[in-house]
Amino acid sequence: MRTSIENLVRANIRNLTPYRSARQDYGTGILLDANENSFGSVLSFDGIALNRYPDPSQILLREALANLNMMPSDRIFAGVGSDEIIDLLIRIFCHPEKDSVLIIEPTYGMYRVSASVNGVHVLSSLLNSEFQIDREDVLLKAPGAKLIFCCSPNNPTGNLLHAADILALCAQTDALVIVDEAYIDFAQASSLAASTHKFSNLIVLRTLSKAWGLAAIRLGYCIADPVVIGYLMKIKPPYNINALTNQLALQALEQHRLMTETVQALLLERGRLVQGLEAIPFVRQVFPSDSNFVLIRCTDAQVVREHLASKGIIVRDRSSEPRLENCLRITVGTAVQNEALLRALAEVAL
């Protein structure tokens, strides 16, 4: 990276004296330092002391995530879903009303929302007709951006972005390149996490919401240079990961084999779903998918979506996004759910 990470950080964040919470100093003993309820909690759950604040550094959780990714724990940060991490990165590196982020669209909407909430300008580069990065266009716009957001596999198009294009951005720009790999476990490709050792400006986002089936506990994490991790730890809320999420995540990470088996079952269903969708006359295109959903283009997306909704089957209309006219995003369901979907689609007269 041509510009150091430190030089990209907002001066007030570099100079910030972070809040130091009670549990950063002591976690055991007669704890009379944090104004917790010493008499206990009105609830009990799995032996967790709910009256006590959780570990603010998430030491055990970060070690487990580090082991999963074969990384040292100083390269791991845990957040309340990937959304918290996205927001924190924008706040660390972008001055409101001054700096910009570059978003490669169509893509996950929270990148733009988080930037807007923080008063940060948004630059946009469209994916090409193959839903791949237009490297020339991104490099043309990159000098005006502090952060570049890529999603791979991309939501809502479903496809992997070419790794060579992403790494070229890391090598040829001064921006931080953030790669959201929420769906990587469904793809026949490796994570770019290992490349964070080579490129200090590469940040990889991961989540337990998708392949691990833990959307309800809101646990995301990122893999990045220790300097980036240090700033994330510096400005995060003291106890951003609650004790219940922490414990459930630790238990889930011991079930790697079950996660893998579930992913394999889902991929088989994805193949059957794609075959069924391709046989429907008004489905003009079924786009290749490396994720747990399928994007289709149909004759009239609104009519199809409304018919499905009338049958209690809910899909996402993405027609308002660039290059996605009359496109619906359909999550891969169980065999029974997918059969119900295909039966309902067969009833649509278009």
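This report describes the fold, cores, ring pairs and local backbone features of a predicted model.

## Basis of the model

The model is predicted, with local features requiring pLDDT of at least 70 and side-chain atom pairs counted only at pLDDT 80 or more, while totals for chains, interfaces and linings use all residues. Residues are numbered from 1 along each chain as its sequence is written, and side-chain values use heavy atoms, with hydrogens and water left out.

## Overall fold

The protein chain contains 12 helices and 11 strands. Helices (H or I, at least four residues) and strands (E, at least two) are DSSP runs numbered from the N terminus. Along the principal axes, the C-alpha atoms of the protein chain fill a box of roughly 70 × 50 × 35 Å.

Of the 350 residues, 52% count as buried (buried means under 20% relative accessible area, exposed over 50%, partly exposed in between, with a 1.4 Å probe and protein chains only). Among contacts (heavy atoms within 4.5 Å) between residues at least 6 apart in sequence, 69% join residues at least 24 apart.

## Nonpolar cores

A nonpolar core is a set of buried Ala, Val, Leu, Ile, Met, Phe, Trp, Tyr and Cys residues joined through side-chain atoms within 4.5 Å. The largest such core has 76 residues, of which Leu61, Ile133, Ile148 and Leu277 touch the most other members. Helix 10 (residues 256–278) gives the most to this core, namely 7 residues. Beyond its neighbours within four places in sequence, isoleucine 148 is in contact with Leu102, Ile104, Val138, Ala142, Leu169, Thr173, Ala175, Leu176, Val177 and Ile178. Another core, of 32 residues, lies apart from the largest one and includes Cys94, Leu147, Phe149 and Cys151.

In helix 7 (residues 163–172), the buried residues are Asp165, Ile166, Ala168, Leu169 and Cys170. They pack against strand 2 (100–105), helix 6 (135–141), strand 4, strand 5 (176–180) and strand 6 (202–207).

Helix 8 has Val228, Ile229, Tyr231, Leu232, Lys234 and Ile235 as its buried residues. At the start of helix 8, a side-chain oxygen of aspartate 225 comes to within 2.8 Å of the backbone nitrogen of valine 227.

## Aromatic rings

Over the whole structure, 5 aromatic pairs are found. Rings of Phe, Tyr and Trp (its six-membered ring) pair if their centres lie within 6.5 Å; planes under 30 degrees apart count as stacked, over 60 as edge-to-face and the rest as tilted. Tyrosine 53 and tyrosine 239 form a stacked pair, at 4.6 Å centre to centre with 10° between the planes. This pair links distant parts of the chain, 186 residues apart: tyrosine 53 is in the loop between helix 2 (11–14) and helix 3 (59–69), and tyrosine 239 is in the loop between helix 8 (226–235) and helix 9 (243–252). Tyrosine 53 is partly exposed at 40% relative accessible area, and tyrosine 239 is partly exposed at 22%.

The rings of tyrosine 111 and phenylalanine 149 are also stacked, because their centres are 4.8 Å apart and their planes are at 10°. Tyrosine 111 belongs to helix 5 (residues 110–117) and phenylalanine 149 to strand 4 (residues 147–151), so the pair ties together parts 38 residues apart in sequence. Both tyrosine 111 and phenylalanine 149 are buried. Ring pairs join Tyr108, Tyr111 and Phe149 into a cluster.

## Cis peptides and a buried glutamate

The peptide bond from glutamate 105 to proline 106 is cis, with omega near 0°; proline 106 is in the loop between strand 2 and helix 5. A cis bond also runs from serine 152 to proline 153, with omega near -5°, and proline 153 lies in the loop between strand 4 and helix 7.

Glutamate 321, in the loop between strand 10 (316–317) and strand 11 (327–331), counts as buried at 14% relative accessibility.

## Positive phi

Asparagine 35 is not a glycine but has a positive phi of about 55°. Asparagine 35 is in the loop between helix 2 and helix 3 and is exposed, at 77% relative accessible area. Arginine 218 has a positive phi of about 55°; it is in the loop between strand 6 and strand 7 (220–223) and is partly exposed, at 33%.

How values were computed. Polar contact = N/O pair within 3.5 Å; in protein donor to acceptor, adjacent residues only side chain to side chain.
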